[in-house]
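Hi,

Here is the structure I promised to pass on to you. Have a look at it first, and then read on for what turned up.

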Amino acid sequence: MTGTRYVADAVVPCGDVLTVLAPGVVDVDDGGRIAWVGTESDAPDRPDWTVHRRAGLLLPGLVNVHCHSPMTLLRGQGEGLPLSRWLAEVIWPREARIGPDDVYWGMLLASGELLRYGVTTTVEMYFHDEEMIAAVEASGARCVLTPGVVVAPGWERFGGWEQQVERITALHAARNGDQRIEIGFGPHSAYALPEPALAAIGEVARDLGALVHTHLAETEHEGDEVSARHGGASVPEVLAGLGVFDGNRVLAAHAVWLSDADLGLLARHDVAVAHCPGSNAKLASGNARLVPMLRAGLRVGLGTDGPASNDDLDLWEEVRLAALFARLEEHDPTALSAYDALTLATRGGAAALGRDDIGVLAPGRWADMVLLDLADPGFVPVLADRDLVAHAVWSASRRLVRDVWVAGRLVVRDGECSTVDLAEAGHRVQAAAARIAGQGL
Ligand SMILES: [Zn+2]
């Protein structure tokens with residue numbers, strides 16, 4: 001076995017406890033997996049391996065657990081509208097005009113943007129799956145693609161929910177064994193699908209061991225009709241009753257409007273949560289109860305949500321917002337430590353997906369890594385190891401991301417994405433967005 005040894009000023013693997021290895025070593029084998037992590041003084045002898053010395057702080061690549069990346073095509077549209085009007089008046093009419101080629105360029109632009117910010121894995125719910133996959137293959141990113149299943153005006157062009165589920169099942173079989181792209185199911189929400197569809201998706205996904213990624217309790221009244229049809233049961237109770245949670249890997253996005261009983265139910269079924277504090281604040285949907293969720297034992301990761309409701313793909317911002325909102329909500333500055341906030345975006349995200357091959361710099365996991373530039377005022381002073389983590393969370397940001405690797409492959413070099421021509425993708429998205437918005441028709 002040969003590979004590459006990376007020696008950095010400091011390495012924070014993001015394991016169960018805060019560890020700072022300084023100088024730290026990450027050995028990456030030629031297959032793109034991590035072979036060894038530790039301090040330089042303890043490193044095993046590997047005379048045949050290439051050695052790269054990097055100035056900076058090496059971390060696991062960030063894991064974005066809820067996104068609709070091709071909405072780069074709609075970024076900023078409908079600014080200031082409440083969610084229901086924003087969807088009905090702006091987003092859905094425009095999405096009806098989005099073609100496969102648009103999705104390719106929208107996804108490619110987003111994928112390059114995500115990588116440049118150090119986000120190496122993204123969980124996607126959108127449509128035109130083949131173009132999504134082509135864009136992710138081109139960018140070199142890692143993706144859990146959960147094609148959307150929706151029954152709503154404009155979606156007839158993708159067939160009924162049965163056809164949508166069949167298509168995803170076939171896609172899952174076709175991509176079986178893919179090292180970077182995992183296929184799951186994206187039933188949009190309980191309010192956008194009939195009950196038989198939800199139950200059927202739960203069953204198919206269980207058979208395949210596939211992720212079920214759905215919106216849950218994003219806004220206060222979105223589930224009212226569903227509840228009314230079920231004698232006042234909460235939406236989580238309805239989904240549990242339909243068997244969607246039984247034996248499944250379920251990822252619930254937003255999870256804002258949930259009672260203690262709902263949180264207990266999610267915990268009992270080991271349902272994971274994609275916490276999206278930026279999107280929830282921007283659309284005034286509410287603030288998810290992060291600390292009670294963690295206390296209940298829920299697996300929680302962080303999501304940017306789509307770039308039309310955030311409006312960027314900067315997961316560092318979500319790390320800060322998660323900590324800020326949790327502290328405000330609890331009236332307690334110790335409610336979520338800087339390290340706990342950082343690990344929500346790394347180890348926590350991986351755990352929320354049920355993935356033990358990403359999210360931590362540890363032997364056997366993929367070498368998805370981010371190098372932050374320490375030669376910046378934001379990292380001065382460092383008087384103790386934990387200062388590196390505090391600075392990374394509070395005063396560093398995406399602007400300090402220097403190099404990014406996915407499975408050991410360098411995809412961002414010195415702040416520039418080397419796999420995506422962002423200028424070209426930007427021009428393509430600009431032209432497509434104008435057409436989609438109805439300009440020049
Ligand atoms: Zn969403």
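The buried residues of helix 8 are covered by, among others, strand 11 (211–216), helix 7 (235–241) and helix 10 (290–295). Please keep in mind that this is a predicted model. Helix 8 itself spans residues 260–268, and its buried residues are Asp262, Leu263, Leu265 and Leu266. Looking down the axis of helix 8, you will find these buried residues within an arc of 160 degrees, so they line one face of the helix. On the face turned away from that buried side sit Asp260, Ala261 and Arg268, which are exposed. Just after helix 8 comes Asp270, with a positive phi of about 55 degrees.

Next, a pair of helices. Helix 2 (residues 100–116) packs against helix 15 (residues 422–436) at an angle of about 135 degrees, and their axes are 9 Å apart. An angle between 115 and 145 degrees is neither roughly perpendicular nor roughly antiparallel, so helix 2 counts as oblique to helix 15. Their crossing is left-handed. If you want to select the contact, helix 2 contributes Asp102, Trp105, Gly106, Leu109, Gly112, Glu113 and Arg116. From helix 15, the residues that meet them are Leu422, Glu424, Ala425, Gly426, Arg428, Val429, Ala432, Arg435 and Ile436. Sorted by class, this contact between helix 2 and helix 15 holds seven nonpolar, three polar and six charged residues.

Two single residues also made it into my notes.

His128 lies in the loop between strand 6 (119–124) and helix 3 (129–139). Beyond its neighbours within four places in sequence, His128 is in contact with Ile98, Gly99, Pro100, Val103 and Phe158.

Val26 belongs to strand 2 (residues 24–29). With a relative accessible area of 0%, Val26 is buried too. Which residues does Val26 touch, not counting those up to four places away in sequence? They are Thr4, Arg5, Tyr6, Val11, Ile34, Trp36, Val37, Leu58, Leu361 and Met369. For a sense of distance, the C-alpha atoms of Val26 and Arg206 are separated by 36 Å, and these two residues are 180 apart along the chain.

Best wishes

How values were computed:
Residues numbered from 1 in each chain as written. Predicted model: local features only at pLDDT ≥ 70, side-chain atom pairs only at ≥ 80, totals over all residues. Heavy atoms only, no water. Buried < 20%, exposed > 50% of the residue type's maximum accessible area, 1.4 Å probe, protein only. Helix = DSSP H or I, 4+ residues; strand = E, 2+ residues; numbered from the N terminus. Arc of directions from axis to C-beta. Contact = heavy atoms within 4.5 Å. Axes fitted to C-alpha atoms, helices over the stretch in contact; angles between N-to-C directions. Parallel < 35°, antiparallel > 145°, perpendicular 65-115°, else oblique. Left-handed = near helix turned anticlockwise from the far one by under 90°. Nonpolar A, V, L, I, M, F, W, Y, C, P; charged D, E, K, R; others polar.
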